[in-house]
Amino acid sequence: MDPDGAAKAFVDHYYTVFDTNRAAVEGLFQEGSILTFGGEKFVGAAAITTKLTTLQFSSCKHHVTTIDCQPSGPADGMLVFVSGTMHFGGGEPPLKFFQVFHLMPAEPENFYVLNNHRVNYE
């Protein structure tokens, strides 16, 4: 799979899981993974999943606007830059977001998130 295709497939999978079964994102991280969210750092799959499953909203839907991908280092990693909007139930206005994933190969055709940085803004 080409890098752009792999990045798009990962992004589609990540946001589908996040939006429908947030606890299942744990399988996309490892113990050395780091999430920066709202200025706080969370290390390890369990801590990251706890943060994501205890956010102040129970349901949302991500609409991705852009996906850009660059190769990263000699270990066949990828940097994936994503922007879009997140929509909530109840008529709340959508929230814009920008997210960066540093993906590393886990096995053929699969990746895990080594680093993840997310910024929400209005």
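The legends below describe several views of one predicted model.

Residues are numbered from 1 along each chain as its sequence is written, and side-chain values use heavy atoms, with hydrogens and water left out. In this predicted model, local features need pLDDT of at least 70 and side-chain atom pairs count only at pLDDT 80 or more, whereas totals for chains, interfaces and linings use all residues.

View 1. Helices (H or I, at least four residues) and strands (E, at least two) are DSSP runs, numbered from the N terminus. Starting at that end, the elements follow the order α-β-β-α-β-β-β-β. The chain has a radius of gyration of 14 Å, close to the 14 Å that the globule rule gives for 122 residues, so it is as compact as a globular protein of that length. This radius is taken over C-alpha atoms, and the globule rule is 2.2 Å times the number of residues to the power 0.38. Along the principal axes, the C-alpha atoms fill a box of roughly 45 × 30 × 25 Å. The UniProt annotation "domain: NTF2", from an unreviewed entry, covers residues 6-121; UniProt positions are given in the numbering used here, feature names are shortened, and annotations may be inferred rather than shown by experiment.

**View 2. Six strands form an open sheet in the order S2-S1-S6-S5-S4-S3.** The pairing in this sheet is mixed; two strands pair if DSSP finds at least two bridges between them. Strand S2 (40-43) and strand S3 (61-72) are the edge strands, each pairing on one side only. Strands of a sheet pair through backbone hydrogen bonds, either parallel or antiparallel.

**View 3. Strands S3 and S4 form a hairpin.** Eleven bridges pair S3 and S4 in the antiparallel sense. Thr66 has Ser83 in S4 as its bridge partner. Four residues lie between the two strands, and Gly73 in the turn has a positive phi of about 70 degrees.

**View 4. His62 is a buried residue of strand S3.** The relative accessible area of His62 is 5%; buried means under 20%, exposed over 50%, and partly exposed in between (1.4 Å probe, protein chains only). The side chains of His62 and Asp19 are joined by a polar contact of 2.6 Å, and those of His62 and Arg118 by one of 3.2 Å. A polar contact is a pair of N or O atoms within 3.5 Å; within protein, one must be able to donate a hydrogen and the other to accept it, and residues adjacent in sequence count only if both atoms are side-chain atoms.

**View 5. His102 lies in strand S5.** His102 is buried, with a relative accessible area of 17%. Although His102 and Ser72 are 30 residues apart in sequence, their C-alpha atoms are 8.0 Å apart in space.
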